[in-house]
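Hi,

Here is the structure I promised to pass on.

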Amino acid sequence: MAKKVLVAYGTTNGSTAEIAEAVAGVLREEGLTAEARAAGSVASAASYDAVVVGGGLYAGRWHRDARRFVRRHGKELAGRPLWLFSSGPLDASAAERDIPPVPWVQKAVVRLDARDHVTFGGCLREGAKGWVARMILRDGKGGDFRDFGRIESWAAGIGRELKSG
């Protein structure tokens with residue numbers, strides 16, 4: 001029977017959700033049962049064999065829904081394989097070097113013994129919600145900095161690890 005994987009995410013404008021959907025898609029291609037769900041919609045993580053949690057970065061903080069998910073389900077997460085990702089830099093930095101997790105996420109990595117954390121580039125498009133987002137766009141600093149090849153490669157590694165053990 002295929003392992004069941006939850007890919008939970010916190011997003012404001014949808015780009016982190018698109019990353020989560022890509023991760024879940026790769027995991028399904030690897031033969032796992034995987035679903036991407038908004039972190040705030042998950043009542044329990046107990047029925048999953050493994051969990052991936054992603055959050056958009058806003059002003060140096062992980063998305064509130066992702067933080068709440070990790071706090072609310074910490075006991076369940078600590079008992080199963082866990083991976084974390086962040087999305088957010090609106091430049092090429094995430095593709096050029098490893099960006100360490102923000103402090104709250106780093107504490108969660110240690111506390112929950114997460115197997116990995118990675119930061120992917122972010123995406124901010126016209127029509128984004130929020131005053132800060134509108135200011136960033138007005139200043140010409142928006143765009144899509146996600147590297148789906150890198151995202152898919154990371155997800156495939158998770159799939160191989162889950163299938164092998």
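Below is what turned up, going from the overall fold to the pocket and the cavity.

First, the ground rules. This is a predicted model, so local features need pLDDT of at least 70 and side-chain atom pairs count only at pLDDT 80 or more, while totals for chains, interfaces and linings use all residues. Residues are numbered from 1 along each chain as its sequence is written, and side-chain values use heavy atoms, with hydrogens and water left out.

Overall, the protein has 7 helices and 8 strands (DSSP runs numbered from the N terminus: H or I of at least four residues for helices, E of at least two for strands). Its radius of gyration is 15 Å, which agrees with the value near 15 Å for a compact globule of 165 residues (taken over C-alpha atoms; the rule is 2.2 Å times the number of residues to the power 0.38). Of the 165 residues, 48% are buried, meaning under 20% relative accessible area with a 1.4 Å probe, protein chains only.

UniProt lists residues 5–159 as "domain: Flavodoxin-like", in an unreviewed entry; such annotations may be inferred rather than shown by experiment. That stretch is 41% helix and 25% strand, with its end C-alpha atoms 10 Å apart.

L84 has H117 in β6 as its bridge partner.

Now the pocket (an open set of points on a 1 Å grid over the protein atoms alone, with protein on both sides within 12 Å along at least five of seven lines; lining residues have an atom within 4 Å of a point). The largest share of the lining, 4 residues, comes from α6. By class, the lining has 10 nonpolar, 11 polar and 1 charged (Ala, Val, Leu, Ile, Met, Phe, Trp, Tyr, Cys and Pro are nonpolar; Asp, Glu, Lys and Arg charged; the others, Gly among them, polar).

Finally, there is 1 cavity of 30 Å³ or more, a cavity being points where a 1.4 Å probe fits but cannot get out. Its lining includes F120 and R150.

Cheers

Technical notes:
Pairing = 2+ DSSP bridges. Buried < 20%, exposed > 50% of the residue type's maximum accessible area, 1.4 Å probe, protein only. Points joined across faces, edges and corners; volume = space filled by probe spheres on them.
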